[in-house]
Amino acid sequence: MSQILSLEHYAIHIGPIADLLSPFLRNKSYSQYFILVDENTQRDCLPILLSQIPLLQSANIIDISSGEINKNLPTCQHIWASLIEQQADRKSLIINLGGGVIGDMGGFVASTYKRGIDFIQIPTTLLSQVDASIGGKLGIDFMDLKNIIGLFNNPQGVFIDIAFLKTLPFREIRSGYAEILKHALIADANYWQKLTTIQDLSSVQWEEIILASLQIKKQVVEADPFEKGYRKVLNFGHTIGHAIESWSLKHDTKPLLHGEAIALGMIVETELSCLHQSLSLSAKEEIQDQIKALYPKYTVSVDIFKELIVLMKNDKKNETDLINFTLLADIGESAYNVELSAVIVKDVLEILV
Ligand code: NAD
């Protein structure tokens, strides 16, 4: 059964891709289609898309190398150059077929090519299906800082088919699940309780969970589309998580995935929530135990605390010398714009040593 979540400027369609996308494309008159893929989505997702939507068989394919490490300016230049070489005009459509990296970067490229052409998101990872593909945040990493260059712009539509998840490696499923846990923690205690009953991520029926998470994200981004205030609740786990992710990308031979870093960020920011907000000790332990049971241990050396603090201060969410956090007042209740000093943050990072 297909479902539609309507936002002010576009809709999120959830169901079989053929049912969702064909009517959308028939109603538009695009001059050319460009499908952005990486080597994994080219192998696992593109054949499904092309077999289900014959109209796309003549589409131009633009391929990039997968991974956060490639969410950067040189990759954008490659995409812009491909668009120019293949004479994409202002009536062209870019179809982002992939995870959050493809969605964020493909949307950014589309929004800046010829001052902006249409794009749609076909998210193929759990993380992008529940989070990255909606809310209009687009961009790339630059000078070791995550998502530091970008803009807000909406796609013409988001098309979510859980069939794409069949080929997604377990580590990527677990990474996406971190954003699902975050949605529950910031907004819905009952949803959190439901998630705590899940023991095995490899046997979950995702459709219901994706819908529940999308509803939380939709409610937040509609209330504050440009992150003037309330939308910052979505940053729970991200101030510390982004810093650790950036550090890991630069130094680890097998870097942390986005959701893995956010899981670590949530462990530390839960500690801060107990110390500097009203989160109870028992709730803190419940959250941390749940996350630790799912994600592999990752230790952080005291020697890198200083570097992590610099990364946190440079994070675009921080406008002053203090570090800006979204913390939990309780399970399902968040507090944003909590400013804490570097000394406090360093102290609490000790729990990762
Ligand atoms: P990703 O885009 O790197 O994809 C993960 C991996 O899975 C890649 O290797 C990809 O090739 C592969 N893959 C994708 N779909 C597949 C499939 N169906 N089968 C097999 N392999 C597949 O990572 P992600 O976790 O989807 O996204 C992380 C990115 O999203 C980060 O850059 C993060 O900053 C961003 N993000 C953005 C927002 C937002 O609001 N815009 C929100 C959260 C995260």
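Isoleucine 14 is buried in this predicted model, with a relative accessible area of 3%. The value falls under the 20% limit below which a residue counts as buried. Isoleucine 14 belongs to strand β2. Leaving out residues up to four places away in sequence, the contacts of isoleucine 14 are Met1, Ser2, Gln3, Leu20, Ile160, Glu207, Leu211 and Leu214.

When neighbours within four places in sequence are set aside, histidine 13 is in contact with Gln3, Ile4, Leu20, Val158, Phe159 and Ile160. The burial extends to both faces of β2: Ala11 and His13 lie on one side, Ile12 and Ile14 lie on the other, and all are buried.

Strand β2 pairs with two strands described here. With strand β1, which spans residues 3-6, the pairing is antiparallel and comprises four bridges. A hairpin of four residues connects β1 to β2. Within this pairing, serine 6 has alanine 11 of β2 as its bridge partner. With β9, strand β2 (residues 11-14) runs parallel, and four bridges join the two. Isoleucine 12 faces valine 158 of β9, and histidine 13 stands opposite phenylalanine 159 of β9.

Strand β9 covers residues 157-160. Gly157 and Phe159 point one way from the strand, whereas Val158 and Ile160 point the other way, and all are buried.

The cysteines were considered next. A disulfide is a covalent bond between the sulfur atoms of two cysteines. Under the criterion that two cysteine sulfur atoms lie within 2.5 Å, the number of disulfides is zero. Cysteine 45 is buried, with a relative accessible area of 3%, and cysteine 76 is buried with a value of 0%.

Phenylalanine 142 is part of strand β7, which comprises residues 137-142. Because its relative accessibility is 36%, phenylalanine 142 counts as partly exposed.

Two residues other than glycine have a positive phi angle. For aspartate 144, phi is near 65°. Aspartate 144 is situated in the loop between β7 and β8, the latter covering residues 145-152. With a relative accessible area of 42%, aspartate 144 is partly exposed. For asparagine 337, which is not a glycine, the positive phi is about 60°. Asparagine 337 is placed in strand β11, which covers residues 333-340. Asparagine 337 is partly exposed, at a relative accessible area of 36%.

Notes
Residues numbered from 1 in each chain as written. Predicted model: local features only at pLDDT ≥ 70, side-chain atom pairs only at ≥ 80, totals over all residues. Heavy atoms only, no water. Buried < 20%, exposed > 50% of the residue type's maximum accessible area, 1.4 Å probe, protein only. Pairing = 2+ DSSP bridges. Contact = heavy atoms within 4.5 Å.
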